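Please keep the view open as you read, and take the points in order.

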Amino acid sequence: MSWMLPVFLLLCLGCGTIKRVPLYDAFLEGAKEGLETARYILPSLVAMLCAIRAFTACGLMERLCLFLEPAAAWVNLPRETLPLMLFKPLSGSASLAMLREILNEYGPDSRAGLAASVMMGSSETVFYTCGLYLAAAKVKKSRHIIPCALAAWLAGSFMAGALV
Amino acid sequence: MLQWIFGGMTAFALLWGLTSGVGEQTAGAMLKAAEEAVQTAIALAGAYAFFCGMMNIVRKAGAAEGLGKMLSPLLLRLFGPDLPAEALEPVTMNLTANLLGLGNAATPMGIEAARRMGKGNGAASNALCLFLVINASSVQLFPTSVIALRAAAGSADPARIVLPALIATGVSTIVGIASCKCAERIS
């Protein structure tokens, strides 16, 4: 799979060249936006990484993982990834922080690291996304949205265990 | 809700640490984590700048419009007559922006789409339900933050997860759509 990234980047550049996009200027404009995104997520990333690290340092995370072990075995996921699975629908920055911890603690190419990486991309922050759009739609009854979104989240997590 | 996650986890961890004699280490670990969060954000900032720069080239090349043209007949079929005509465009644009990982462009379009679908008697329409479930199940083709974090953690092949991630998110989206269609029949 190591060809994936260079091919993807070449495709991006190729698209731009064919359509005569000013490559450099377009890149700079996008890069500025990317930097702003990083600045925007920094405070919540600090908060969530601190909370998670405190939870790990006092020994509770290990207990939680052991407690969740049966559930992890059921979906065939490494038990270290279960906290990430639980955070995923709740908070984007908490799951980003959790993914960072798993990648650094167990290694990005370990089974836990790979499963966590796949899981991270397989669903969105369900409650945040739904809350935001429901508020925009001025809708009070959300009907089957949350159960169906959580079904999708479960399926994605299950796939992470099955594919890695 | 986030305040409960943050407050609850931190307070509970500190209390637990204090009672089991590792209170100092717990507090110390938090300070260390704050420092490392900034390092992580810097690594992410570089990657975001890079990928957003690249994606902006693709966007300027009209990829979103092209993809949108291919997607809109499909979406029209998927959503059925329940989708107000004026909502098709923002729905398509939101989903294509999400596919390309242009989160900043996707959100305003999604809000516009939701607003146009929200006319009614206070209950979400079938189309709005389906739209939100698709959005919540994530449809990004290239998970840039995951790749960036993997690279920062020293992975030998950061992009190795692209294909499995695509399959996983595809399955989760299909399950979301299928469960929505089932729920529509029941209600």
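The numbered points below go from the whole chains to the helix contacts.

1. A word on conventions comes first. This is a predicted model, in which local features need pLDDT of at least 70 and side-chain atom pairs count only at pLDDT 80 or more, while totals for chains, interfaces and linings use all residues. Residues are numbered from 1 along each chain as its sequence is written, and chains are lettered from A and ligands numbered from 1 in the order in which they are written.

2. Let us begin with chain A. It has eight helices and zero strands, where helices (H or I, at least four residues) and strands (E, at least two) are DSSP runs numbered from the N terminus. Along the sequence the pattern reads α-α-α-α-α-α-α-α. The C-alpha trace of chain A spans about 55 × 45 × 30 Å along its principal axes.

3. Chain B also deserves a look as a whole. Its secondary structure is eight helices and zero strands, and its elements run α-α-α-α-α-α-α-α from the N terminus on. Chain B is more spread out than a compact globule, because its radius of gyration is 21 Å, well over the 16 Å that the globule rule gives for 187 residues. That radius is taken over C-alpha atoms, and the rule is 2.2 Å times the number of residues to the power 0.38. The C-alpha atoms of chain B fill a box of roughly 65 × 40 × 25 Å, taken along the principal axes.

4. Do find helix H2 of chain A (residues 23-57). This helix bends by about 40° at A:Leu42, and a proline, A:Pro43, follows within four residues. The bend is the angle between axes fitted to the seven residues ending at a residue and the seven starting there. After H2(A) comes A:Gly59, whose phi is positive, near 95°.

5. How many residues of chain B are in contact with chain A? There are 89 of them, and they touch 84 residues of chain A, with contact meaning that C-beta atoms, placed from the backbone, lie within 7 Å. On the chain B side, H1 (2-19), H2 (23-60), H5 (103-117), H6 (126-136), H7 (144-152) and H8 (162-186) each supply at least two residues. H2(B) gives the most, with 25 residues. By class, this side of chain B has 57 nonpolar, 26 polar and six charged residues. Here Ala, Val, Leu, Ile, Met, Phe, Trp, Tyr, Cys and Pro count as nonpolar, Asp, Glu, Lys and Arg as charged, and the others, Gly among them, as polar.

6. Within chain B, please look at H6(B) and H8(B). Their axes come within 9 Å and cross at roughly 160°; axes are lines fitted to C-alpha atoms, for helices over the stretch in contact, and angles run from 0 to 180 degrees between N-to-C directions. H6(B) is therefore roughly antiparallel to H8(B). Angles under 35 degrees count as roughly parallel, over 145 as roughly antiparallel, 65 to 115 as roughly perpendicular and the rest as oblique. Among the residues making the contact are B:Cys129 and B:Val133 of H6(B) and B:Gly176 and B:Cys180 of H8(B).

7. H6(B) takes part in a contact between the chains too. The axes of H8(A) (residues 145-163) and H6(B) come within 9 Å and cross at roughly 30°, so H8(A) is roughly parallel to H6(B). A:Ile145, A:Cys148, A:Ala149 and A:Ala152 meet B:Cys129, B:Leu132, B:Val133 and B:Ala136.

8. A:Ser117, A:Val118, A:Gly121 and A:Ser122 meet B:Pro164, B:Ala165, B:Ala168, B:Thr169 and B:Ser172. The residues here divide into four nonpolar, five polar and no charged.

Key: Two residues are in contact if their C-beta atoms, placed from the backbone, lie within 7 Å.
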